[in-house]
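Here's a quick briefing to read alongside the model. Have the viewer open and follow along by topic.

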Amino acid sequence: MNHFELREGELACEGVPLSRIAEAVGTPVYVYSSATLERHFTVLRDALVGAGLKDPLIAFAVKANSNLAVLRTLANLGAGADVVSEGEVRRALAAGVPPERIVFSGVGKTEAEIAFAVETGVAEINVESEPELHLVNRVAQQMGRRATVAIRVNPDVAAGGHAKIATGKADNKFGVSFSEAERLYANASNMAGVRPAGVACHIGSQITDLAPMEAAFTKMRGLVERLKAEGLSVERLDLGGGLGVPYFNQPTPPDPEAYAAMIGRVTKGLDVQLAFEPGRMIAANAGVLIARVNHVHERPEGRNFLVLDAAMNDLLRPAMYDAYHDIRPLKPRYGAVTYDVVGPVCETGDTFTRDRVLPPLEAGDLIAFMSAGAYGATMASEYNSRLLVPEVLVKGDQFAVVRPRPTYEDMLAREAAAPWL
Ligand code: LLP
């Protein structure tokens, strides 16, 4: 459930008509609902606790939505952060996430990033390869510290979904194999600069079937049991993120209760803290991208192009993954017209959708791309020298600009002439 609903014929976010935000801030603009973010986090936590998990660590995947106000909204509820760069560690800290709730994933962490994470005292550095384990060990030792690590395993399970976001097959770059994991864990327990505290996995994103997750998590359970049988201490099992969300018209994902019940079943009696790295399921349906119709280009031969002021640089998912986003006019009229919905960027990939049936629209009308709160603003760029899209957070009948639109002066001032120019 989310808090974007028609109120008196007009699409609103909680108590604020979206057109009011569009008038005040301009378009394109991302708008997030605090109540929806809070609800999604709470529903997941309650489901996990209800399934018998004690004190699960729910580390929100910052890559899904890294806005500081969004992170703070979640941190206030006790969320941790799953991060993949020094920038994301800094964002999590700036938003008030305690270091002991930060999980640092990623296949290519640099020496500087590792040093920063060790200095910060994050809950675990998820080590994804043998060279990285040695690097963490060396960096921490040089600092006179012992880094808490988890070994990320690639469970070799196909998660379905788009190939560009599947991460759990043996030919994907993420994590180590089970046999490597056992060897590395045992080695790590003898290293002066690391303390292995657990194992981790993450098999993909927008997963709408519990079976591959259950298969992967069952294998992870086996690994924990083998490590413990060898006398090694395992405190935490990190099961990653990946639970899908309902994108309108797309396969329906399992609900959080079913997901939690499966996890409760698979991990029953295993005496470890469980950690999770959900991104999309918390943020996707808590945000929309609002755009204005620049004009409608009706080809005499028959195609209707709805040309928006938002483009692929603002919402990359359709161009990158052929992703489907529901499009809703803020003030729907009666009727149905078939449109190709496009942005102004100079390539054909800048097409949000083709042959979409929508209520009739005119130049100046406002529309919302639904389910855009995850991997929307975070993947935006300035391609075509378009200003980075701003972000707004709504709470009840209030809204705040939580990332303003830069000015053209800001954009140009970031660059410098070379000395010979
Ligand atoms: N943990 C790790 C290690 C990850 O790599 C990811 C996502 C997550 C957690 C969060 O996954 P989620 O719960 O959000 O599914 N840009 C793509 C999605 C890329 C996901 C990358 N990793 C998209 O727009 O669909």
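How far is a nitrogen atom of the ligand from an N or O atom in the side chain of Y321? The gap is 2.7 Å, and the protein covers 92% of the 590 Å² of accessible area that the ligand has on its own (Shrake-Rupley method, 1.4 Å probe). Keep in mind that this is a predicted model: local features need pLDDT of at least 70, side-chain atom pairs count only at pLDDT 80 or more, and totals for chains, interfaces and linings use all residues. Residues are numbered from 1 along each chain as its sequence is written, and side-chain values use heavy atoms, with hydrogens and water left out.

**Around the ligand**

- There are 19 residues around the ligand, and those that come nearest are S205, E277, R317, Y321 and Y375; a residue counts as near if one of its heavy atoms lies within 4 Å.
- S205 has a side-chain N or O atom 2.4 Å from an oxygen atom of the ligand.
- K63 puts a polar side-chain atom 3.4 Å from a ligand oxygen. For reference, a polar contact is a pair of N or O atoms within 3.5 Å.

**R152**

- You'll find R152 in strand β9, which covers residues 147-152; strands here are DSSP runs of E, at least two residues long, numbered from the N terminus.
- R152 counts as buried because its relative accessibility is 7%, with buried meaning under 20% relative accessible area (1.4 Å probe, protein chains only).
- Leaving out residues up to four places away in sequence, R152 touches V127, E128, T167, F174, G175, V176, A200 and H202; contact means heavy atoms within 4.5 Å.

- Strand β2 (residues 10-13) runs antiparallel to β1, and 4 bridges join them.
- Within that pairing, E5 sits opposite A12 in β2.

**Strand β16 and its partners**

- Strand β16 (residues 337-342) runs parallel to strand β14 (residues 304-308), with 3 bridges joining them.
- V307 has V342 in β16 as its bridge partner.
- With strand β17 (residues 351-358), β16 pairs in the antiparallel sense over 5 bridges.
- Y339 has R356 in β17 as its bridge partner.
- As a general point, side chains in a regular strand alternate between the two faces of the sheet.

Notes
Buried < 20%, exposed > 50% of the residue type's maximum accessible area, 1.4 Å probe, protein only. Pairing = 2+ DSSP bridges. Polar contact = N/O pair within 3.5 Å; in protein donor to acceptor, adjacent residues only side chain to side chain.
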